[in-house]
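This report concerns the aromatic residues of a protein model and the contacts among their rings.

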2 protein chains.
Amino acid sequence: MANVLVFGAGRSAGSLLLELSAYCRKHGHVLVVCDAHIPSWLEENGIQHQIFLLDHESSRKKWIEWSDIVLSLMPPALHLSIIHDCIQFRKHFINASYLSPEIEALRPQIEATGKLFLTECGLDPGIDHMSALAVTKSIKEKQGVIQSFTSFTGGLIAPESDTNPWHYKISWNPRNVVLAGQGTARFKQEGSPRLLPYHQLFSRTFSMEVPGLGTMEGYPNRDSVSYMPLYGMEEVSTFIRGTLRYPGYCAGWNALLQLGLTDDQVLIPEGIKTWSELLHALLPHIPGATVSQRLSAFLSKHCSSDPTLLEQLHWLDLTSDRPLPPGSITPAMALQALLEDKWKLSSQDRDLIAMQHEWIVQFSDGRKKIKSTLLVKGKNQHQTAMAQTVGLPMFIAARLLAEGQLSLTGLHRPLHSLLFEPILKALESYGIHFSESEEEV
Amino acid sequence: MANVLVFGAGRSAGSLLLELSAYCRKHGHVLVVCDAHIPSWLEENGIQHQIFLLDHESSRKKWIEWSDIVLSLMPPALHLSIIHDCIQFRKHFINASYLSPEIEALRPQIEATGKLFLTECGLDPGIDHMSALAVTKSIKEKQGVIQSFTSFTGGLIAPESDTNPWHYKISWNPRNVVLAGQGTARFKQEGSPRLLPYHQLFSRTFSMEVPGLGTMEGYPNRDSVSYMPLYGMEEVSTFIRGTLRYPGYCAGWNALLQLGLTDDQVLIPEGIKTWSELLHALLPHIPGATVSQRLSAFLSKHCSSDPTLLEQLHWLDLTSDRPLPPGSITPAMALQALLEDKWKLSSQDRDLIAMQHEWIVQFSDGRKKIKSTLLVKGKNQHQTAMAQTVGLPMFIAARLLAEGQLSLTGLHRPLHSLLFEPILKALESYGIHFSESEEEV
């Protein structure tokens, strides 16, 4: 019998908690869920929970000492204190966030625990690594030489729930949506390292065909380069990891960026109370022109004259008297509040996860493009596609640990076949499986 | 007899140290200069000095305890430990840097010392405040209602030393030149608060006529708004503080920014060894095109087709095989190293400080535009215009303190007539004086 502790009961936690709860009940394990706010559906599903604040050190330590396996769905910055306690009390730890330099620095202490600390075990990062490495392994077994690898993932809306000119609703952390891509992206393309500054990120996008969705767009993630050695692809000529969107989204987002609305540093001056006043403050002055006219002129000059752009921005009420949220806020904070409303996923909406890897490989008998594509739709409000794809890999890793089927210890991403093979196999039984296609190129 | 301690013997310290040294010798005061690197001209001028590191706490405290007046020309981040010691030992303190929130938080402790802590007492900030407030005071005495106030300052090169297509050489901290304007600028224009994002800062510039120089350009400083109450100008319709440049500089700098060369976050990938390779990494791919052709295409699309732009960038060797500095560096760090070489002020060059305030004022007998303009040229390598205008206000404040002519205590900027009137008067004897002009508008 194992004690299982989960930190985080937020919007991506549904699938993890429902599966973990059913599994624990069946096998006599005890599950406790901790968060500052506990949603009512936990109670409705009979899931044990504790309301608590992570920085309440003594109760955090008490619960971690009690547990055998700790899972965290907290925001990235909040994992560190949990990891410190898991080291102190020698507990297994699993999360779905990027392995930060701060966690990397704890590698020796983590190894000394003799337990598994598994990071990046969600969707992106997570399933992207696992599925890419599984196909890469089979390519290498066939003596294929990989020349190009690209991988794009998007948390999207299912076509039947796509009801706005952005073709987007928010299925994950809205702050990450607003701050996406800030910094300069690094990747490799056609033999050369490449840098793509933030202010060009959404206007120099990549186009790709995704079976089942059609032509899609993507922009590179901030740092692709550091994953080349982790994927065993130091020698490939092109290597890009990025974010997938429906066509039109990036052009619209580029307009918000060029306007200055994604800035999270400057405070909006006190006198500005409405969105049209904020646009008035940001747009170049044109004597006698309305805010809408100035917006059109700005878009023509800095973005494009495509009428879709104006439609997207008007649909967001950017030139209306809609009030800004009160308080000392940045444009990015105002935009986040607006988008949380405008791009709200309703209880009837179905979200969609799309992931596509593409390899160009030289085999002894020819050059091939191999595509591996995942499409997952949400089942309901708690088991969104996002919740399934983020939470189920974590659940499966916890289950394998509880069953003694994972012998690895120390700090890991799911880059080892001892991790990705059983997890991918188990994901298939939840309908999370990739379709592959090949063509000569 | 007073003991005077100066931290900082760098490139802006010449005028302060030469004047202070002569003054101390004449009046029986003792001057000691502390820095990690002591330039040889101090020795040649018989100025007492100590080589020392600011973070060597015991010697820092020993010297501050010894002194009566402490002046600091250290970089902004390094003032704080000095100020803490000046509070502990109750010593007067003077610098030429912005009053930071960290220093503001020490206001009660500073007031308890009964000593004067005078910040922003250099050029910009410093002379700009003092000269603006002196004219503003006389306007208000004449019952004028200020409708608009703009103030632009530039550390420039004298026309006779202007030998490059940027019309610029570096006369102050080169890192500040490269990182200038990062963030979104806040100001007020024609009755409305305005925000100007960094990626548009150098393409939406202001034009102005400066007597003696002709048509010049300026871009707003990051935060003008917070100076409105300090200048007693809460009610004005337009309020902008900014940076002055010769025409053409901002368009060129905008190209460097759009290319991504001012990014100080991302590390240049390891394989990139030359400037043309860095441009290759940053420019959009065009099959078969050279880096120069891609640069031209990029400039036409994102900046302008003005041939001056290409001339400026080629003059910087951006498309050449010139090696990048070694090590893990950002584009901004590489650019700084390049500009420190290309924009080097030679010993024969004369630098130039230009400052211009403009008021639009409603008087009972009409509406007037009042201009107040300062032009200061460098005398020699140590007494550059920058060194004179940054250092002499600090020297004069120290002299007034030594002579018991400043009765203010606590934390101040030179915004009080008890400070700006005697300092401006003394600056005139060094040839630092403003020319005023008025016209009906």
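Which residues form one aromatic cluster? The members are A:Trp166, A:Tyr168, A:Tyr198, A:Phe202, A:Tyr219, A:Tyr249, A:Trp253 and A:Trp343.

The model is predicted: local features require pLDDT of at least 70, side-chain atom pairs count only at pLDDT 80 or more, and totals for chains, interfaces and linings use all residues. Residues are numbered from 1 along each chain as its sequence is written, chains are lettered from A and ligands numbered from 1 in the order in which they are written, and side-chain values use heavy atoms, leaving out hydrogens and water.

Over all chains, 42 aromatic pairs are found. Rings of Phe, Tyr and Trp (its six-membered ring) pair if their centres lie within 6.5 Å; planes under 30 degrees apart count as stacked, over 60 as edge-to-face and the rest as tilted. Two edge-to-face pairs are tabulated below.

| Pair | Centre to centre | Angle between planes |
|---|---|---|
| A:Trp166 and A:Trp343 | 5.3 Å | 65 degrees |
| B:Tyr98 and B:Tyr227 | 6.3 Å | 65 degrees |

A:Trp166 and A:Trp343 are 177 residues apart, so the pair links distant parts of the chain. A:Trp166 is buried, at 0% relative accessibility, and A:Trp343 is likewise buried at 0%. Buried means under 20% relative accessible area, exposed over 50%, and partly exposed in between (1.4 Å probe, protein chains only).

In chain B, B:Tyr98 is partly exposed at 39%, whereas B:Tyr227 is buried at 5%. The charged end of B:Arg241 sits over the ring of B:Tyr227, 4.3 Å from its centre. This term requires NZ of Lys or CZ of Arg within 6 Å of the ring centre and within 35 degrees of the ring normal.

Note on methods. Helix = DSSP H or I, 4+ residues; strand = E, 2+ residues; numbered from the N terminus.
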